[in-house]
Amino acid sequence: MAKLHTVLLNVFLHPLRTLNNLDRQFWKSPAMSRFLTRQFHKMYYDTEKRTWGNTFWFGVQVNKCPLDLWIYQEIMHEVRPDVIIECGTAAGGSAMYLANMLDIMGKGKVLSVDINPFDGRPKHPRVTYILGSSTADDVVEQVKSHIAANDKVLVILDSDHSMRHVYNELRIYSKLVQPGSYVIVEDSNQNGYPVSPFYGPGPMEALKKFVAEDASFTIDLSREKFYLTFNPRGYLKRIR
Ligand SMILES: C[S@@+](CC[C@H](N)C(=O)[O-])C[C@H]1O[C@@H](n2cnc3c(N)ncnc32)[C@H](O)[C@@H]1O
């Protein structure tokens with residue numbers, strides 16, 4: 001009874017503070033937080049022209065959510081990769097971002113593979129562009145030729161997002177990654193996770209199949225700490 005009294009007195013004396021407290025309780029509930037994240041994710045993704053299709057790194061388009069780019073920077077700081085393999089270059093904004101982060105670290109290079117040549121990609125001494133399909137034997141050999149025996153490798157898969165292609169990439173490129181480092185599977189939000197519900201089997205289905213078969217990788221959910229990520233369950237850490 002005394003408690004109710006205090007609550008009512010607080011509502012009367014401090015209406016704004018009480019409303020603010022109620023508001024904070026609202027999103028602290030796990031179900032509400034999941035709902036809000038999902039709705040925001042869909043809004044952010046479906047307004048592409050305003051958001052991820054309109055995102056630039058020093059003037060070069062980068063098709064990512066900035067919250068994921070921040071996570072990349074944190075992973076890079078921890079892993080300190082010698083080589084970053086990026087499958088899917090597009091305009092080169094993400095390759096430039098990675099190279100600039102490596103500049104800050106003072107070491108490392110980016111091997112960025114794309115099946116399409118884009119005119120006017122930015123040049124950077126740490127970036128090597130490789131033309132061809134990321135799963136083609138000759139391309140894989142080219143990539144490997146740039147990696148030394150003790151190099152630490154980080155892999156980012158952002159090319160063809162069909163399940164079959166991503167699964168093949170996972171099989172090929174996971175072998176190049178050392179314990180402690182990651183294979184990042186991008187756009188696992190496709191096919192209803194929670195966007196593009198009619199996409200068909202894509203990155204999420206590929207990564208689920210891969211981790212079920214390969215116990216040396218685990219899904220690192222701690223990389224989803226900002227709630228919104230375009231790569232749900234896509235941060236695969238090699239643990240052994
Ligand atoms: C989503 S975009 C990459 C975006 C880029 N990483 C960024 O963040 O700005 C996907 C790219 O994958 C390329 N691609 C499609 N199929 C591919 C394949 N089999 N091998 C390599 N690249 C492929 C496309 O040409 C396209 O440029």
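Tutor: Happy to! Let's look at how two helices meet: helix 4 crosses helix 5 in a right-handed sense. Please keep in mind that this is a predicted model. To find the pair, look for residues 66-79, which form helix 4, and residues 93-105, which form helix 5. Their axes lie 11 Å apart, and the angle at which the two helices pack is about 35°.

Now zoom in on the side where they touch. Helix 4 brings Leu69, Trp70, Tyr72, Gln73, Met76 and His77 to the contact. Facing them from helix 5 are Tyr97, Leu98, Met101, Leu102 and Met105.

For a contrast, turn to the ligand. The shell around the ligand has 4 nonpolar, 10 polar and 5 charged residues. That makes 19 residues surrounding the ligand, and the closest are Asn63, Lys64, Gly88, Asp114 and Asp158.

In the side chain of Asp114, an N or O atom sits 2.6 Å from an oxygen atom of the ligand. The side chain of Asp158 has an N or O atom 2.8 Å from a nitrogen atom of the ligand. Isoleucine 115 takes part through its backbone, where a polar atom is 3.3 Å from a ligand nitrogen. Taken alone, the ligand would expose 600 Å², and the protein buries 86% of that area.

Technical notes
Residues are numbered from 1 along each chain as its sequence is written. This is a predicted model: local features need pLDDT of at least 70, side-chain atom pairs count only at pLDDT 80 or more; totals for chains, interfaces and linings use all residues. Side-chain values use heavy atoms; hydrogens and water are left out. Axes are lines fitted to C-alpha atoms, for helices over the stretch in contact, and angles run from 0 to 180 degrees between N-to-C directions. Helices (H or I, at least four residues) and strands (E, at least two) are DSSP runs, numbered from the N terminus. A crossing is left-handed if the near helix is turned anticlockwise from the far one by less than a right angle, and right-handed if clockwise. Contact means heavy atoms within 4.5 Å. A residue is near a molecule or strand if one of its heavy atoms lies within 4 Å of it. A polar contact is a pair of N or O atoms within 3.5 Å; within protein, one must be able to donate a hydrogen and the other to accept it, and residues adjacent in sequence count only if both atoms are side-chain atoms. Accessible areas come from the Shrake-Rupley method with a 1.4 Å probe; for residues, only the protein chains shown count as cover. Ala, Val, Leu, Ile, Met, Phe, Trp, Tyr, Cys and Pro count as nonpolar, Asp, Glu, Lys and Arg as charged, and the others, Gly among them, as polar.
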